[in-house]
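Here is a friendly briefing to read beside the picture. Take a moment to look at the sequence and the fold before you start on the notes.

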Amino acid sequence: MPKLSAGVLLHRTRDGVVEVLIAHPGGPFWARKDDGAWSIPKGEYDDGEDPWTVARREFSEELGLPVPAGPRIELGALKQPSGKVITAFAVRGDLDVTDAHSNTFDMEWPKGSGTMREFPEVDRVGWFAVAQARAKLLKGQRGFLDRLLAHPELAGLSEGT
């Protein structure tokens, strides 16, 4: 059975352009990667858990902020190149990410050194026009942007340049 993950794609509209909130993974592997490295805030869950509950929990863990109350759109699931299946929910809302802070994880670094170091799960978050987010997001998650823009609530809005 594939690993399961659930996340929230927060979105807002500024001057007719749809913007989404995405996160850059922390840790040394991702430190020098930008385009194609960002993700929607998400996390794994076990079969039988409610994906919406998991998506909200993981958003809060990765940003240190709750999911704003707002209309929810179910974006469905996408199978990733790794085989993991991500279920995403879009929520319309604005969020000041100035004070965002992530939970942390421990890993041996440098590899083979025997030294354990702590790293943030997410080292930064940002609002991006959908056109910019397409370049920033991991390839397997870009389909969520298409599904978001296809929703009638967003008809006629721009994805920016």
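The model is predicted, with local features needing pLDDT of at least 70 and side-chain atom pairs counting only at pLDDT 80 or more, while totals for chains, interfaces and linings use all residues. Residues are numbered from 1 along each chain as its sequence is written, and side-chain values use heavy atoms, leaving out hydrogens and water.

**The largest pocket**

- The largest pocket has a volume of about 500 Å³. A pocket is an open set of points on a 1 Å grid over the protein atoms alone, where a 1.4 Å probe fits, with protein on both sides within 12 Å along at least five of seven lines. Its volume is the space filled by probe spheres set on the points, which are joined across faces, edges and corners.
- Lining the largest pocket are 25 residues, and S39, K42, K84, L138 and Q141 lie nearest its centre. A lining residue has an atom within 4 Å of a point.
- β2 (17-25), β3 (42-45) and α1 (51-63) each give at least two residues to this lining. Helices (H or I, at least four residues) and strands (E, at least two) are DSSP runs, numbered from the N terminus.
- Sorted by class, the lining has 10 nonpolar, eight polar and seven charged residues. Here Ala, Val, Leu, Ile, Met, Phe, Trp, Tyr, Cys and Pro count as nonpolar, Asp, Glu, Lys and Arg as charged, and the others, Gly among them, as polar.

**Aromatic rings**

- The whole structure holds four aromatic pairs. Rings of Phe, Tyr and Trp (its six-membered ring) pair if their centres lie within 6.5 Å; planes under 30 degrees apart are stacked, over 60 edge-to-face and the rest tilted.
- The F29 and W30 pair is edge-to-face because the ring centres are 4.9 Å apart and the planes stand at 90°.
- F29 is exposed at 54% relative accessible area, and W30 is partly exposed at 23%. Buried means under 20%, exposed over 50% and partly exposed in between (1.4 Å probe, protein chains only).
- F105 and F119 make a tilted pair, 6.0 Å centre to centre with 35° between the planes. F105 is in strand β6 (residues 104-108) and F119 in strand β7 (residues 116-120), so this pair ties together parts 14 residues apart in sequence.
- F105 is partly exposed at 27%, whereas F119 is buried at 10%.

**Charges over rings**

- R12 lies over the face of W127, 4.0 Å from the ring centre. This label needs NZ of Lys or CZ of Arg within 6 Å of the ring centre and within 35 degrees of the ring normal.
- R72 has its charged end over the ring of W52, 4.4 Å from the centre.

- A90 belongs to strand β5 (residues 85-92) and is buried, with 0% relative accessibility.
- Leaving aside neighbours within four places in sequence, A90 is in contact (heavy atoms within 4.5 Å) with L9, H11, P71, R72, I73, L75 and L148.
- W109 and P110 are joined by a cis peptide bond with omega about -5°, and P110 is in the loop between β6 and β7.
- D15 is in the loop between β1 (4-14) and β2. Phi of D15 is positive, near 50°, in a residue other than glycine, and D15 is exposed at 83%.
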